[in-house]
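Subject: Structure handover

Hello,

Here is the structure I promised to pass on. My notes on it follow below.

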Amino acid sequence: MPYPVAHVLFFVFCISAAAVYAIIRSIFRRELSLRDSIQILLLLSIGSLSALLPDVPAIYNLIVNGGSGHCWIGPVPTHSFLFSFSAFMYGTLAGLIAYGKFSKAIYLGIFAEAAFLSHLLLDDAHEGSCTYLYPIYNKSISVFSLMNVSFYENGLFNYLIKSFLSVFFFCFVIMMALFALNQLGFEFKYRSKK
Ligand SMILES: [Zn+2]
């Protein structure tokens with residue numbers, strides 16, 4: 001599995017690249033107040049911690065037992081959509097504490113969920129698969145290998161569906177992060193020229 005720092009950097013600089021651009025732009029324009037900076041730090045901290053959440057058991061084993069162990073919480077594999085709900089809950093709870101409003105906290109939950117899913121994508125790219133669909137389907141699936149489906153062996157329809165699904169999942173994670181960021185103060189829109 002990639003190192004923890006790689007997961008955090010992947011989420012911040014790849015999945016949330018638009019936000020990084022907006023932050024740097026605001027810093028150079030001296031538009032960020034102390035309050036804005038604290039809000040952004042909170043966002044990035046919650047996102048970074050959520051991007052590490054699937055590997056918490058492995059990090060625990062590394063520190064306590066001196067070796068990387070399996071990634072399970074009880075019977076639930078941590079690299080699954082089911083366990084990703086914990087990131088959503090964690091982000092929403094942190095948002096409730098920070099903002100005091102559920103209507104705003106839920107967007108921090110969505111941001112945390114996107115960070116968690118970005119971890120699965122990076123592990124998938126590196127290790128070849130994740131148990132995304134546990135407990136509906138207990139075997140590992142590789143989203144990235146779907147992009148490498150043979151056109152001749154699978155036929156045109158199968159090829160198009162699998163390619164679309166793999167790219168759409170990647171796009172979906174990025175869109176989740178952008179949507180949450182947009183609701184939490186970042187502006188992304190097309191500016192028509194007049
Ligand atoms: Zn992992």
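**Helix H3 against helix H5**

Start with helix H3 (residues 34–52) and helix H5 (residues 81–99): their axes come within 10 Å and cross at roughly 160°. H3 is therefore roughly antiparallel to H5. The crossing of H3 past H5 is right-handed. From H3, the contact uses Leu 42, Ile 46 and Ser 50. From H5, Ala 87, Tyr 90, Gly 91, Ala 94 and Ala 98 meet them. Sorted by class, this contact has 6 nonpolar and 2 polar residues, and no charged ones.

Please keep in mind that this is a predicted model.

**Overall layout**

The protein has 7 helices and 2 strands. Along the sequence they run α-α-α-α-β-β-α-α-α. Taken along the principal axes, the C-alpha atoms fill a box of roughly 55 × 55 × 30 Å. The protein has 194 residues, of which 26% count as buried. Take the contacts between residues at least 6 apart in sequence: 59% of them join residues at least 24 apart.

**The core**

Which residues have the most contacts inside the largest nonpolar core? They are Phe 111, Ala 112, Ala 114, Ala 115, Ala 177 and Ala 180, in a core of 28 residues. Five helices each supply at least two residues of this core: helix H1 (4–15), H3, H5, helix H6 (102–127) and helix H7 (151–183). H6 gives the most, with 12 residues.

Ala 112 is worth a look. Beyond residues up to four places away in sequence, Ala 112 touches Ile 46, Gly 47, Ser 50, Ala 87, Phe 88, Tyr 90 and Gly 91.

**Helix H6 against helix H7**

The axes of H6 and H7 come within 8 Å and cross at roughly 155°. The cut-off for roughly antiparallel is over 145 degrees, so H6 is roughly antiparallel to H7. H6 passes H7 in a left-handed crossing, whereas H3 passes H5 in a right-handed one.

The residues in contact are as follows:

- H6 side: Tyr 107, Ile 110, Phe 111, Glu 113, Ala 114, Leu 117, Ser 118 and Leu 121.
- H7 side: Phe 170, Val 173, Met 176, Ala 177, Phe 179, Ala 180, Leu 181 and Gln 183.

By class, that contact has 13 nonpolar, 2 polar and 1 charged residues. Phe 111, Ala 114, Ala 177 and Ala 180 in this contact are also among the core residues with the most contacts.

**The loop between H6 and H7**

Gly 128 is found in this loop. Is Gly 128 buried or exposed? Gly 128 counts as exposed, because it has 12 C-beta neighbours inside 10 Å. Leaving aside neighbours within four places in sequence, Gly 128 is in contact with Ser 142 and Ser 145. Tyr 99 is 29 residues away from Gly 128 along the chain, and their C-alpha atoms are separated by 39 Å.

Pro 135 lies in the loop between H6 and H7 too. A cis peptide bond joins Tyr 134 to Pro 135, with omega about 0°.

**One more backbone detail**

Arg 30 lies in the loop between helix H2 (17–28) and H3. Its phi is near 55°, a positive value in a residue other than glycine. Arg 30 counts as exposed, because it has 7 C-beta neighbours inside 10 Å.

Best wishes

Notes: Residues are numbered from 1 along each chain as its sequence is written. This is a predicted model: local features need pLDDT of at least 70, side-chain atom pairs count only at pLDDT 80 or more; totals for chains, interfaces and linings use all residues. Axes are lines fitted to C-alpha atoms, for helices over the stretch in contact, and angles run from 0 to 180 degrees between N-to-C directions. Helices (H or I, at least four residues) and strands (E, at least two) are DSSP runs, numbered from the N terminus. Angles under 35 degrees count as roughly parallel, over 145 as roughly antiparallel, 65 to 115 as roughly perpendicular and the rest as oblique. A crossing is left-handed if the near helix is turned anticlockwise from the far one by less than a right angle, and right-handed if clockwise. Two residues are in contact if their C-beta atoms, placed from the backbone, lie within 7 Å. Ala, Val, Leu, Ile, Met, Phe, Trp, Tyr, Cys and Pro count as nonpolar, Asp, Glu, Lys and Arg as charged, and the others, Gly among them, as polar. A residue is buried if 20 or more other C-beta atoms lie within 10 Å of its own, exposed if 12 or fewer, and partly exposed in between; C-beta atoms are placed from the backbone. A nonpolar core is a set of buried Ala, Val, Leu, Ile, Met, Phe, Trp, Tyr and Cys residues joined through C-beta atoms within 7 Å.
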